[in-house]
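Please read the numbered points with the sequence and the model in view.

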Amino acid sequence: MGVTTYTQDIVAQVDANRIFKALVLDADNIIPKLMSQAVKNIETIEDHDGNIKKMNFVEGYPIKYLKHKIHFIDDKNMVIKYSLIEGEVLGENLEHISYYIRFEECENGGCICKTISEYHTNGNCIVKEEEIKEDRDKAIELFKLVEAYLLANPFAYV
């Protein structure tokens, strides 16, 4: 098994605490609300190791569902670690993708979302740059949707 790692920083005009609350602690509600054209709902499934979140997509969307295993959430330090463990996007080449995300306040307001993504491949498969770019673009799109919602609703998630 091989591992390809990439890092990404996304800057927002919203403070870290608000965006963490919305995007991590209330993801089950905010993501289907802001992405209703794609995401039907998010279910929490308990297993012997903790929580698994199943994101179900709307009928006709290219993806049926994704399953994420939540390894830990640290509210105090605004950190989450989870892995994409099941879904069509993994294909035959990827075993899973792990994400470590930390939200940090900026001195002049706003925040930075720092992400480390690890693509764990089956065998000696190589992750293509296009796959990483597509994943990165979707993360930015979701982050910016939540940021826009919070800017338009200054009393949400305070």
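1. The largest pocket of this predicted model holds about 1200 Å³ of space. Its lining consists of 47 residues. Those nearest the centre of the pocket are Leu66, His68, Tyr82, Asp135 and Leu142.

2. By class, the lining of the largest pocket comprises 32 nonpolar, five polar and 10 charged residues. Helix α3, which spans residues 129-152, contributes the most to this lining, supplying 10 residues.

3. Helix α3 also packs against another helix. Two packed helices are described by the angle between their axes and the distance between those axes. For α2 (residues 27-34) and α3, the angle is about 95° and the axes lie 11 Å apart. Angles of 65 to 115 degrees count as roughly perpendicular, and α2 and α3 are therefore roughly perpendicular to each other.

4. Which residues make the contact between α2 and α3? From α2 come Ile30, Ile31, Lys33 and Leu34, and from α3 come Leu142, Leu145, Val146 and Tyr149. Seven residues of this contact are nonpolar, none is polar and one is charged.

5. Most residues other than glycine have a negative phi. Met78, which is not a glycine, has a positive phi of about 55°. Met78 sits in the loop between β4 (65-74) and β5 (79-87). Is Met78 buried or exposed? Its relative accessibility is 12%; since buried means under 20%, Met78 counts as buried.

6. Tyr157 is a further residue other than glycine with a positive phi, in this case near 60°. Tyr157 lies in the segment after α3.

7. Where is Leu90 placed? Leu90 belongs to the loop between β5 and β6 (94-105). With a relative accessibility of 6%, Leu90 counts as buried, because the cut-off for buried is under 20%.

8. Leaving aside residues up to four places away in sequence, Leu90 touches Leu84, Ile85, Glu95, His96 and Ile97.

Methods:
Residues are numbered from 1 along each chain as its sequence is written. This is a predicted model: local features need pLDDT of at least 70, side-chain atom pairs count only at pLDDT 80 or more; totals for chains, interfaces and linings use all residues. Side-chain values use heavy atoms; hydrogens and water are left out. On a 1 Å grid over the protein atoms alone, a cavity is a set of points where a 1.4 Å probe fits but cannot get out, and a pocket is an open set with protein on both sides within 12 Å along at least five of seven lines; lining residues have an atom within 4 Å of a point. Grid points are joined across faces, edges and corners, and a volume is the space filled by probe spheres set on the points. Helices (H or I, at least four residues) and strands (E, at least two) are DSSP runs, numbered from the N terminus. Ala, Val, Leu, Ile, Met, Phe, Trp, Tyr, Cys and Pro count as nonpolar, Asp, Glu, Lys and Arg as charged, and the others, Gly among them, as polar. Axes are lines fitted to C-alpha atoms, for helices over the stretch in contact, and angles run from 0 to 180 degrees between N-to-C directions. Angles under 35 degrees count as roughly parallel, over 145 as roughly antiparallel, 65 to 115 as roughly perpendicular and the rest as oblique. Contact means heavy atoms within 4.5 Å. Buried means under 20% relative accessible area, exposed over 50%, partly exposed in between (1.4 Å probe, protein chains only).
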